[in-house]
Amino acid sequence: MGNEIKTGLYLCTCEGEIGRVIDIDSLAEEASGWSGITAVHRDAFLCSADGIRKIREDIERLGLDRVMIAACSPFFKVREFSDLGINRYLVERVNIREQCSWVHRDDTDGATRKARTMLRVFLEKLKNSRPLEPVKRPILKTALVIGGGIAGINATLDAAGADCEVFLVERKPFLGGKVAELHNYFPRMCPPSCGLELMFSELGKNRNIHVQTLSEIGTVTGSPGNFEILIKTSPRHINERCTLCGRCLEVCQKNAVIYPEGFSYPGIPAIHRALCEEGCRRCKEICPAGAIDLDEKERLNNIKAGAIVLSTGWDPFDPTPIKEFGYRRLKNVFTNIEFEKISKEKKISFDEPKRTAFIQCVGSRDERYLPYCSDVCCMVSIKQALFLKEVNRENEVYIFHNDIRTPGEYEELYQKARKSGIIFIKGIPSELRQDGNKKIDFSVFDTVAGERLDITADMVILAVGMRPSNGNIALKDKIGIALNKNDFIESHLQCYPQDTQREGIFSAGSCRAPMDVSRSIESAGTAAVKALKFFRGKVEISADYPVVNTLKCDVCKRCVEECPFKAYYFDDKGFPKPEISKCRSCGVCMGSCPLSAISLGDLSIEQLSEMIDALDKSYLGNDEPIILSFLCKNDAYRAVDDAGIKGIKYPPNLFSIMVPCSGAVNGAIVSKAISTGIDGVLVAGCPDEECHYVHGSMLAKTRLADISDKLKEMYLEPERVRFIEISRDDAEKFTRSVEDYAKELRKIGRNPLRV
């Protein structure tokens with residue numbers, strides 16, 4: 001391409017913020033003679049209307065096909081430089097303010113040398129750039145919500161209320177999930193009917209909503225904006241002609257008829273056919289409305305949806321393995337979920353005073369079972385304890401705990417519980433025993449009072465934790481989502497809590513993490529908004545997706561295996577190919593390819609290679625080490641920008657290239673940098689738990705460790721490559737790391753491969 005391109009170089013002095021440190025005039029004079037540079041312009045305010053007008057005029061008058069803007073960080077003045085009348089992939093922003101003049105303000109010569117090298121290097125990138133266009137695909141304005149609990153219902157109502165067609169799929173006969181089973185829920189102590197009845201009424205009235213109970217997802221194909229979902233619906237055996245006369249219940253001897261409660265949705269019973277007595281048809285024969293069809297078969301139907309909301313909920317932890325608490329072995333030992341039913345159905349009389357013990361963290365915060373806090377257990381126990389006090393003031397109630405966690409307004413209920421006479425003891429009981437009178441005896445060490453207590457209780461309630469629903473695991477492979485180490489749906493909690501790792505698929509409620517009813521509803525609203533935003537116009541897929549060079553690919557499958565979003569498939573010739581609608585353009589596949597056969601649209605292996613060749617390894621003289629750094633776009637690069645903003649200095653030995661993720665850095669590029677004489681290569685990425693691309697940072701560390709081992713074999717110092725974890729606000733940590741690394745490289749000495 002070389003001499004054929006016409007590049008305009010635009011240098012901003014930023015009213016002295018750049019010009020006072022960097023000799024812009026000498027840069028402009030020198031650059032005007034470089035191959036490929038057609039025009040050079042200096043401006044005090046390049047981002048002003050006049051500055052932008054000048055660039056646009058030059059593009060039209062001189063026929064420029066490339067533009068290089070040497071000014072502030074590419075994260076600043078984005079709008080101003082977004083429409084220059086040229087394809088945006090042919091515009092290169094060179095950061096000579098935040099990462100040059102501001103951090104080297106006491107070293108005019110070093111800053112100018114570094115700026116000159118930056119222009120040279122990024123000009124090579126620009127020479128190898130090509131115009132790219134986003135891919136636009138139509139979107140179906142239809143949502144599929146999987147799971148009909150409180151979160152799924154609210155996500156459905158919110159999306160349908162914005163004129164979106166919604167399919168709500170629930171595997172059980174009725175909607176409502178765990179909330180429908182509750183006695184009441186905090187903080188207002190409302191019964192579930194209070195909210196659910198109104199929601200069910202809204203579901204029935206809205207023509208945009210299609211509810212399918214007794215249904216599960218079969219397969220999910222297609223892409224964001226155009227999913228196709230196979231739904232399997234089990235037979236209900238009772239249709240809408242049912243008048244709820246109850247005669248089927250009277251004649252069924254196997255409890256096979258599942259009858260709706262007063263506010264259930266749909267208000268139609270179902271028959272659990274597997275429980276039926278063989279050959280029995282008494283319910284069908286007695287039904288006066290002819291609403292029963294015992295021969296009804298499973299139905300399969302396909303629906304299409306533009307977006308999917310997952311709201312598969314949670315399941316209670318089964319405490320049976322915790323032998324010391326005697327669950328299922330001792331009488332009157334219940335889980336908190338069972339106690340909800342007892343309270344709701346008044347299965348135990350509370351007329352006579354009882355002593356009740358609540359044991360917290362049963363299964364939760366325990367590496368053997370659920371290593372996390374289940375969030376709501378403390379409040380559930382307080383709620384249930386208050387109920388016992390309300391039905392009979394003489395009830396004696398103990399709550400045994402490690403810690404009590406009642407954030408925000410829930411502290412008020414905790415204080416109310418203490419005032420009501422509920423006794424909180426910091427300590428977890430040892431083995432529970434039962435005497436002949438069915439009393440439950442146990443000992444506990446009160447860590448506050450520093451003494452052992454011997455307790456006899458009439459009833460023990462185990463505050464079991466929340467574990468992910470089995471629906472999460474079932475959907476993992478069907479939909480292609482990722483689960484975290486605890487089997488909740490994976491998301492980037494800090495930035496995109498409702499997003500899954502597949503574009504167009506969102507999560508709501510406790511399928512993502514343990515949460516109470518109010519936060520589940522909030523989560524559902526956010527997921528619905530995300531889906532609605534997704535429905536605007538067409539899906540626009542950024543043009544920086546990866547491209548596989550099949551002439552170099554040997555089908556090793558590394559890209560397929562390491563892609564965080566499972567975006568790769570094999571084409572009809574057997575080569576890996578990204579499904580661009582699933583791709584997040586992280587570049588992890590580019591970093592993983594041992595043959596460098598994968599490049600991103602806007603950052604190719606060829607571009608990086610040419611940039612390394614163009615980097616003057618002696619721009620600070622022969623005795624100063626040069627550090628080439630690859631900075632992840634989301635965290636490290638912005639932290640380094642912050643160093644400039646805060647005026648934190650570091651030596652000009654550092655030369656930075658922004659990459660979408662540290663996992664995008666290919667080992668071949670690192671090896672080339674060392675082999676061409678660069679003294680040190682520094683890759684800066686997010687801490688593992690903060691990586692926007694799941695395991696990009698972890699993979700980068702592993703690859704660099706492999707390169708270090710190879711350097712040893714070549715009798716080169718393994719310290720010449722390094723990975724550092726940098727969070728968004730770690731500017732000080734980064735600058736210290738650079739200073740230390742430069743000192744270390746000075747001690748090691750110049751790279752012997754530098755010619």
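Predicted model: local features only at pLDDT ≥ 70, side-chain atom pairs only at ≥ 80, totals over all residues.
Local features here need pLDDT of at least 70, and side-chain atom pairs count only at pLDDT 80 or more, while totals for chains, interfaces and linings use all residues. Residues are numbered from 1 along each chain as its sequence is written, and side-chain values use heavy atoms, with hydrogens and water left out.

I begin with the domains, whose bounds come from an automatic or database domain assignment. The protein is divided into domain 1 (1-132), domain 2 (142-233 + 298-313 + 469-536), domain 3 (235-297), domain 4 (316-467) and domain 5 (603-755). The centres of domain 1 and domain 3, taken over C-alpha atoms, lie 76 Å apart.

I turn now to helix α6, residues 192-205; helices are DSSP runs of H or I with at least four residues, strands are runs of E with at least two, and both are numbered from the N terminus. The 14 residues of α6 reach 20 Å from first C-alpha to last, close to the 20 Å expected, where the expected span is 1.5 Å times one less than the number of residues. Buried (under 20% relative accessible area, 1.4 Å probe, protein chains only) are P192, G195, L196, M199, F200 and L203. Seen down the axis of α6, these buried residues fall within an arc of 130°, so they line one face; the arc is that of the directions from the helix axis to the C-beta atoms. On the other side, L198, G204 and K205 are exposed, that is, over 50%. The cover over the buried residues of α6 includes α5 (150-161) and β8 (209-212), with contact meaning heavy atoms within 4.5 Å.

Finally, helix α13 comprises residues 517-534, and its end C-alpha atoms are 26 Å apart, in agreement with the 26 Å its 18 residues should span. Its buried residues include V517, G525 and F534. Among the elements covering the buried residues of α13 are α5, β14 (307-310), β25 (505-507) and β26 (538-541).
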